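Me: I would like to learn how to read a protein model, feature by feature. Can we go through one together?

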Amino acid sequence: MMSDKPVFSSNSTAQQDSGISLCMLASGSRGNSIYVSDGRTAILVDAGLSGIEIERRMKSRDLSPESLNAIVVSHEHDDHIRGVGVLSRRYGLPVYISAKTAAASPQLKNLKKAVAFNCGASFKINTLNIHPFSISHDAADPAGFTIALNHKKIGIATDLGIATAMVRHHLQLCDLLILEANHDPDMLISGPYPWHLKQRVNGRTGHLSNRDSRILLEEIQHHRLQHVILAHLSETNNTPEKALAEVCRAINPLYTQLTVSSQDICSQLMLLNSSPSESLEVCNV
Ligand SMILES: [Zn+2]
Ligand SMILES: [Zn+2]
C-alpha cells in the first residue's frame, strides 16, 4: 500500500533490491562524493575526499569499492576531485568528465580512462541514464546532473550561484533531490570571511543560500518528490538547523522528507524503490 510518508527501515539488505540506492559519502567545502547504484551499476558522483577515506566510508555502509563502475565529475574544484585519479587507477574506473573540466586541473589531465560528456547531452553508464546540465559556478564547465532509472529520477545540483531557468527545468519531477543550501545570508555577511570571498560565495557563480534553495524548491516541489537532501552546507556560514528551518517552509512534510548531509559523517544508505507506488526507505546501516 502506498504510504504518504517515507518509510524508515532497519533492513540493511535493502540495497540488494532493484531500485536506486544512494549514500552521501561527504558533502561540503572539504570534500564531496555521492554513491548511486541501481543494483546493477554503481557510480560515484564526484570523489572529493582521498581515495582511502572514500573507501573507508563506503565500507562503513557495506558498500564495496570494487563494485563501482565509474566516477562522474561535476567540476574541477579540489573538493570534488581529490580522490578521482587514485580511485580510477586502483579500480580501473572510467571517469566521465567534460573536456573543459578535464583540461582545467593538472590532476585531471592525465586520467587513463576519461570519457568526455557534454553538458546538455545525455549519456548512459550501463543501466543508468545520466543527463548533465550547465550550472552557474566559477569553474570551467560546471555541471549538475539528473539520473533516471525506470520510473525514478534523482536531481543533483550543488555549487551553483543562481538557479537558472535551465536548472529549474531539469530539476522538475525528481523523486529525490540533492540540493545545495550553502549559507545563511546573515551569517555570511556578518561572518569572518574576507569581503572578496563573501562576494564570491554570494555571487552569480558562487553558491546557493538557504533562501535561494527554498525559493527554488517552492517552484519545483510536487507530490512525488519523496526526499530532499540539503548539501554543501558551509561550516562557517550556516548550520543544519538554519538550513532545515528555512527550506522546510517550501515542502509538504506529508509526502517529502527533508534531511541535511554532513561533511564528516556519511549518510545512511537510502533506497528509492523502482516501483512508482512505493516510497523511500532509509536503511540504518
Ligand atoms: Zn564544492
Ligand atoms: Zn565548486
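This is a predicted model: local features need pLDDT of at least 70, side-chain atom pairs count only at pLDDT 80 or more; totals for chains, interfaces and linings use all residues.

Me: How many helices and strands does the protein chain have?

Reply: The protein chain has ten helices and 16 strands. Of its 285 residues, 49% are buried.

Me: Next, the core. Which residues of the largest nonpolar core touch the most other members?

Reply: Start with the general idea. Nonpolar side chains tend to be buried together in soluble globular proteins. Here the largest nonpolar core has 71 residues. Leu22, Ile34, Tyr35, Ile43, Ile71 and Leu230 touch the most other members. Strand β2, residues 19-26, gives the most to this core, with six residues.

Me: What is Ile71 in contact with, leaving aside its neighbours within four places in sequence?

Reply: The partners of Ile71 are Ile43, Leu44, Ala47, Val84, Leu87, Ser88, Leu93 and Val95.

Me: Now Leu25. Is Leu25 buried or exposed?

Reply: Leu25 lies in strand β2. Leu25 counts as buried because 28 other C-beta atoms lie within 10 Å, and the cut-off for buried is 20 or more. Beyond its neighbours within four places in sequence, Leu25 contacts Ser33, Ile34, Tyr35, Ile54, Arg57, Met58 and Cys266. Leu25 and Leu44 are 19 residues apart in sequence, and their C-alpha atoms are 9.3 Å apart.

Me: On to sheets. What is the strand order in the open sheet of seven strands?

Reply: The general idea is pairing. Strands of a sheet pair through backbone hydrogen bonds, either parallel or antiparallel. In this open sheet the order is β8-β9-β10-β11-β12-β13-β14, and the pairing is mixed. The edges are β8 (123-125) and β14 (257-260), each of which pairs on one side only. On average, neighbouring strands of this sheet are turned by 20 degrees against each other, direction ignored. Helix α10 packs on the sheet and touches β13 and β14. The direction of α10 makes about 155 degrees with that of β14.

Me: Then helices. Which residues of α3 are buried?

Reply: An α-helix has 3.6 residues a turn, so residues three or four places apart point the same way. In α3 (residues 84-91), Val84, Gly85, Leu87 and Ser88 are buried. Their cover includes α1 (51-60), β5 (70-72), α2 (78-81), β6 (95-97) and α5 (106-109). After α3 comes Gly92, with a positive phi near 60 degrees.

Me: What covers the buried residues of α9?

Reply: The buried residues of α9 (210-220) are Asn210, Asp212, Ser213, Arg214, Leu216, Leu217 and Ile220. Elements covering them include α6 (165-170), β12 (176-180), β13 (227-231) and α10 (240-247).

Me: At what angle do α9 and α10 pack?

Reply: The angle is about 30 degrees, and the axes are 8 Å apart. The cut-off for roughly parallel is under 35 degrees, so α9 and α10 are roughly parallel to each other. Their crossing is right-handed. At the contact, Asn210, Arg211, Ser213, Arg214 and Leu217 of α9 meet Lys242, Ala243, Glu246 and Val247 of α10.

Me: Last, backbone angles. Where is Asp159, and what is its phi?

Reply: Asp159 sits in the loop between β11 and α6. Its phi is positive, near 60 degrees, in a residue other than glycine. Asp159 is buried, with 28 other C-beta atoms within 10 Å.

Me: And Leu173: is Leu173 buried or exposed?

Reply: Leu173 counts as exposed because it has 12 C-beta neighbours inside 10 Å, and the cut-off for exposed is 12 or fewer. Leu173 is in the loop between α6 and β12. Leu173 is not a glycine, yet its phi is positive, about 60 degrees.

Methods:
Residues are numbered from 1 along each chain as its sequence is written. Chains are lettered from A and ligands numbered from 1 in the order in which they are written. A nonpolar core is a set of buried Ala, Val, Leu, Ile, Met, Phe, Trp, Tyr and Cys residues joined through C-beta atoms within 7 Å. Helices (H or I, at least four residues) and strands (E, at least two) are DSSP runs, numbered from the N terminus. Two residues are in contact if their C-beta atoms, placed from the backbone, lie within 7 Å. Axes are lines fitted to C-alpha atoms, for helices over the stretch in contact, and angles run from 0 to 180 degrees between N-to-C directions. Angles under 35 degrees count as roughly parallel, over 145 as roughly antiparallel, 65 to 115 as roughly perpendicular and the rest as oblique. A crossing is left-handed if the near helix is turned anticlockwise from the far one by less than a right angle, and right-handed if clockwise. Two strands pair if DSSP finds at least two bridges between them.
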